[in-house]
Amino acid sequence: MTITRRQVLKTTAAAAALSLPLPYYARAQGTGWSKLKGQSIVVNWPSHPHYAVAKKLLPDFTAETGIKVELDEMPYLRLKDAQVLQMGKPKGDYDVCVYVIMWKTEYVQRKFLTELEPMFQNPELAMPNYDRGDIIKGYYEGLGLVGGPRGYLPGPGAKLYGLPYGAECSVLAYRKDILAKHNIAVPKTYDELLAACRTVKQKEPGMGGLASRAQAGHQVTAGWLLHLTPNDGLVIDDKYMPRVADPAAIKATETFKEIIATGPDGGASFDFGQMLNSFLQGQSAMYLDTISVFGPARDPAKSKIVDTVGYALHPKAAKFSGELGGFGMAIPQNSAKKEAAFAFMQWMTSKAQDVKAAAQGGQPMRLSTLDHADVQKVYPVEVYKECLKISNPDWRPIINEWTEISEKVLGVHLSEIITGKADIKTSMTDAAAKIKTICERAGYYKT
Amino acid sequence: MNQAGQSRWIPYAFALPAIAVMAIGLFYPILETLRLSFYEVRLGEAPSPQAFRGLRLFIEVLSDSAARESMAVTLKFAVVVCALELAIGIGLALLLEGKIPGMSVLRTIFVLPMMIAPVCVGLIWRYMFDTNAGPINAWVSGFGWKPAWLADSSLAFLAVCITDIWQFTPFVFIMALAALQGLDASLVEAARIDGARLWQVIWHIKLPLIMPILMITLLMRLIDALRGLEVVYAMTNGGPGLSTELFPLHIYKSAFVTQRMGHSAALSVCLLAVTTVLSAALLVFNNPLRRGTSS
């Protein structure tokens with residue numbers, strides 16, 4: 001029997017193809033992952049553009065690890081109710097919880113989350129090629145670390161409780177065609193931004209300047225916060241004293257009010273989805289919020305303005321300062337399947353999956369992803385890198401009482417201000433007094 | 001005990017299981033809510049002696065301007081929607097009480113809004129009132145008007161009222177129609193023979209006769225209006241400001257946004273008290289049950 005050259009090549013290629021995956025997966029998984037095969041975990045995560053992309057990766061996770069995933073998906077502001085109820089039980093139903101950055105301190109203080117460092121030190125559980133240093137530092141620290149200065153900043157005492165997934169910073173998106181039509185330069189400062197808003201509102205029928213979130217509650221506070229730190233403002237200072245009636249915060253509130261006044265019609269009731277749609281459907285010339293706009297803006301099914309969007313750095317007021325927020329994944333302390341949950345978190349945030357997610361419109365979490373050629377084809381990577389440099393980990397105070405301050409105090413007063421029901425100075429002074437009462441009740445002023 | 005004494009207790013013995021079920025099913029949760037209102041506890045925490053605050057949470061509720069404003073909004077909402085729903089519902093019932101071909105189909109169509117889940121109603125009307133994409137503005141923009149319904153305090157309140165009226169007027173209509181159709185036709189006939197005009201028949205014969213049913217309907221609508229949550233949650237989240245923050249939404253935010261279960265329990269007890277007082281006042285003013293027994 002003679003062996004042809006073609007047969008040799010075929011056999012060699014087949015052998016190579018069959019043998020490659022084994023050492024690859026052996027490197028990509030912890031040594032103890034094979035024991036987790038057949039387990040089923042419950043993951044609680046949000047309805048959000050990034051997680052819509054992430055969902056597409058789940059079949060591959062199950063195929064590679066043998067771990068099944070059951071999803072409990074809900075609107076992101078509903079996550080906390082479900083999570084607190086589950087994590088408060090002796091044995092919870094969730095094995096992985098996706099949390100919004102503003103809840104991390106409270107969750108750790110209430111002993112809801114599992115510390116991750118010991119798991120990363122366990123070779124049976126840790127992915128050998130995971131490379132934590134490759135995760136964008138601001139995201140890793142901002143979403144994952146708790147217990148440092150002010151309870152939520154990186155520094156002495158901080159420990160790792162979560163991994164960023166769907167983390168965000170802010171970016172200015174704009175309609176290149178509309179700005180060019182009215183000879184408006186891409187705004188680099190807030191003065192230029194407000195001038196552009198006025199011009200668009202006056203000269204472009206049916207269009208607003210900048211789309212913003214402004215619905216009463218969490219949304220209006222999030223919209224306002226975007227302008228607070230660039231104006232050098234604070235919600236509370238290091239001694240937990242409210243600063244929302246300080247001149248810097250007043251200036252930020254005036255800016256916010258003008259943005260709403262020159263924005264799209266009905267903008268004072270917009271939530272995140274309405275704000276995004278306002279920009280994508282051509283009702284607003286600009287968008288200043290999270291980078292989650294990147295994916296939908298280039299999706300013809302969601303956007304009417306696919307080829308006309310440009311991106312720029314969050315404009316400067318007193319200083320450059322952008323948002324740092326979004327989502328992180330953590331393991332509840334009362335999960336019965338922490339090992340499988342940890343495998344899931346690492347796999348989803350690994351280099352390979354981060355590239356896959358970003359290429360489909362997800363939000364990149366890793367530096368190597370930003371350098372990947374496939375991602376650079378679809379993502380405004382250079383602008384994104386600049387935005388990351390100015391993202392501010394102290395963008396909002398992530399204290400336990402933040403949700404109450406955000407929704408029940410600022411969320412009401414700011415809503416009344418932008419709809420003309422209340423005067424800025426009087427209302428923010430009233431808000432400051434209420435924030436002080438909340439901090440007092442929480443015991444921050446005890447000596 | 002003699003036979004008469006024994007027979008006196010027999011009805012109570014038979015009623016005992018029902019009373020026990022009522023006590024457990026109805027009063028136990030209310031008593032637990034009352035107990036919780038004395039403790040400062042967060043969601044997922046059990047009341048402990050350290051968390052006991054006595055009446056402090058009630059004092060906080062009563063001195064909280066936001067809670068007072070929310071209660072005022074709720075009462076205003078209840079008065080407006082109950083009055084308009086009764087007026088429109090009774091009016092429609094009077095118009096359609098006669099023998100009209102296809103009435104059964106019409107009746108089914110009328111009750112459709114009541115069958116829709118309140119959250120869906122909120123979402124439907126949020127879309128309807130959308131400034132840019134909503135059909136309502138598409139119609140009114142023909143007159144050069146483009147209101148920002150949900151971004152203006154007064155218009156948002158109006159929008160929430162319109163939504164409630166749309167959903168619950170059919171309930172009043174069905175109740176009033178059933179009452180009208182149950183009237184003794186000879187009374188109306190006698191009034192007409194005596195020369196009464198249409199409005200006199202309605203005002204002096206029909207409405208007084210169906211008043212017991214209308215009072216029950218009003219009571220049910222009042223209690224429902226004071227409990228409204230899902231529609232405003234989906235439509236406005238209580239805004240702008242607190243202009244549409246109905247008290248149940250205020251309670252919801254206290255429980256699930258700020259996680260203060262004791263505080264939300266105190267708010268719930270206050271709402272229960274207000275609802276009880278208003279319902280009692282309504283029954284004192286015109287108690288259909290008493291009238292039914294006396295006649």
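Which residues make up domain 1 and domain 2 of chain A in the domain assignment? Here are some friendly notes to read beside the structure.

1. Please keep in mind that this is a predicted model. The domain assignment gives chain A a domain 1 of residues 35–167 + 325–390 and a domain 2 of residues 169–323 + 397–441. Each domain is therefore written as two stretches of the chain.

2. In the contact, domain 1 of chain A takes part with 31 residues and domain 2 of chain A with 29 residues.

3. About 2,500 Å² is buried between domain 1 and domain 2 of chain A, and carbon and sulfur atoms give 62% of that area. On the domain 1 side, look for A:M102, A:R150 and A:I390, which supply 28% of the area that this domain buries against domain 2, more than any other three residues.

4. The rule finds one salt bridge across the interface of the two domains, along with 13 residue pairs in polar contact.

5. Now turn to the elements on the side of domain 1 that touches domain 2. Those giving two or more residues are α6 (104–109), β10 (324–330), α16 (351–359) and α19 (381–390) of chain A. The largest share, six residues, comes from α19(A). By class, this side of domain 1 has 18 nonpolar, eight polar and five charged residues.

Conventions. Residues are numbered from 1 along each chain as its sequence is written. Chains are lettered from A and ligands numbered from 1 in the order in which they are written. This is a predicted model: local features need pLDDT of at least 70, side-chain atom pairs count only at pLDDT 80 or more; totals for chains, interfaces and linings use all residues. Side-chain values use heavy atoms; hydrogens and water are left out. Contact means heavy atoms within 4.5 Å. Buried area is the accessible area (1.4 Å probe) that two parts lose on being put together, summed over both. A salt bridge is a side-chain nitrogen of Lys or Arg within 4 Å of a carboxyl oxygen of Asp or Glu. A polar contact is a pair of N or O atoms within 3.5 Å; within protein, one must be able to donate a hydrogen and the other to accept it, and residues adjacent in sequence count only if both atoms are side-chain atoms. Helices (H or I, at least four residues) and strands (E, at least two) are DSSP runs, numbered from the N terminus. Ala, Val, Leu, Ile, Met, Phe, Trp, Tyr, Cys and Pro count as nonpolar, Asp, Glu, Lys and Arg as charged, and the others, Gly among them, as polar.
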